[in-house]
Amino acid sequence: MFKQKIWEYFTQIIIVIFGVFLGLLLNEWNSGRKDRNRQKVILSHIIKELKSHKNQLNRVIPYHGSMTQTADSILSKSTEEELTKPFIWNGAWSKIPKWQGLQLFPLRTPTYESAKFSEVLSGMDSELLESITGYYESVHTYNSFCNGLTQQVFQINSKTEYVDALLLIMIIKGDILGTEKGINAASDSLIQIIERKL
């Protein structure tokens, strides 16, 4: 009788432990499923953001390429006297054929920023996380270049020489245009990586 009671209590304890374990296991499985679904949603939004970056860059890359060719042409054809005249009094930007402004627009990254703070990215595999982080670091660098160059343009004054303004356009060729092309190519690659993970 005593052995039967002990066996009964032991069986009930095992059933309770098994029930608790099963409940924890189901909770963990459900939590993992929700995390994977959130990751898929974030990744699909990141793809949209990347495509938006591509559209924006595809509009400005040809213009920046033509502006740097224009600046090269002006520099090679101008005399030293013309290049050292004050830019503002030398016809300013109207002297640069087809000038439509800098066309530097920072690439927006709201999806990536919200994903960072929601900790959704931390659960992704390391290859994907490295690719996403590397891409957005390049975008951050590009945005910094754009902001810096825009500030330099705003500092043009009556003492700025024509050659200095043309050199600002040459910075587009050296820093901005290469970065734009690199980000454009990287976005294609990252879209493919993400689509394989979805």
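Predicted model: local features only at pLDDT ≥ 70, side-chain atom pairs only at ≥ 80, totals over all residues.
Biologist: How is the aromatic pair of W7 and F10 classed?

Modeller: A pair of aromatic rings is described by the distance of the centres and the angle of the planes. W7 and F10 lie three residues apart in helix α1 (residues 2–77), which means that about one helical turn separates them. Their ring centres are 5.8 Å apart and their planes stand at 35°; planes under 30 degrees apart would count as stacked and over 60 as edge-to-face, so this pair is tilted.

Biologist: Is W7 buried, partly exposed or exposed?

Modeller: The relative accessibility of W7 is 58%. Since the cut-off for this class is over 50%, W7 counts as exposed.

Biologist: How is the pair of Y112 and Y136 classed?

Modeller: Here the pair links distant parts of the chain, with Y112 in helix α3 (residues 110–118) and Y136 in helix α4 (residues 126–154), 24 residues apart. The ring centres are 4.1 Å apart and the planes are at 5°. Because planes under 30 degrees apart meet the cut-off, the pair is stacked.

Biologist: Are Y112 and Y136 buried or exposed?

Modeller: Y112 has a relative accessibility of 8%, while Y136 has a relative accessible area of 4%. The cut-off is under 20%, so Y112 counts as buried, and Y136 is likewise buried.

Biologist: Which helices do the buried residues of α3 pack against?

Modeller: In α3, the residues T111, Y112 and A115 are buried. Seen down the helix axis, these buried residues fall within an arc of 95°, so they line one face of α3. The helices against which they pack are α1 and α4.

Biologist: Which element gives the most to the lining of the largest pocket?

Modeller: The largest pocket holds about 170 Å³ of space, and its lining consists of R36, Q39, K40, L43, M124, D125, L128 and K197. By kind, these lining residues divide into three nonpolar, one polar and four charged. With four residues, the element that gives the most to this lining is α1.

Notes
Residues numbered from 1 in each chain as written. Heavy atoms only, no water. Phe/Tyr/Trp six-rings, centres within 6.5 Å; stacked < 30°, edge-to-face > 60°. Helix = DSSP H or I, 4+ residues; strand = E, 2+ residues; numbered from the N terminus. Buried < 20%, exposed > 50% of the residue type's maximum accessible area, 1.4 Å probe, protein only. 1 Å grid on protein atoms, 1.4 Å probe; cavity = no way out; pocket = protein on both sides within 12 Å on 5 of 7 lines; lining within 4 Å. Points joined across faces, edges and corners; volume = space filled by probe spheres on them. Nonpolar A, V, L, I, M, F, W, Y, C, P; charged D, E, K, R; others polar. Arc of directions from axis to C-beta. Contact = heavy atoms within 4.5 Å.
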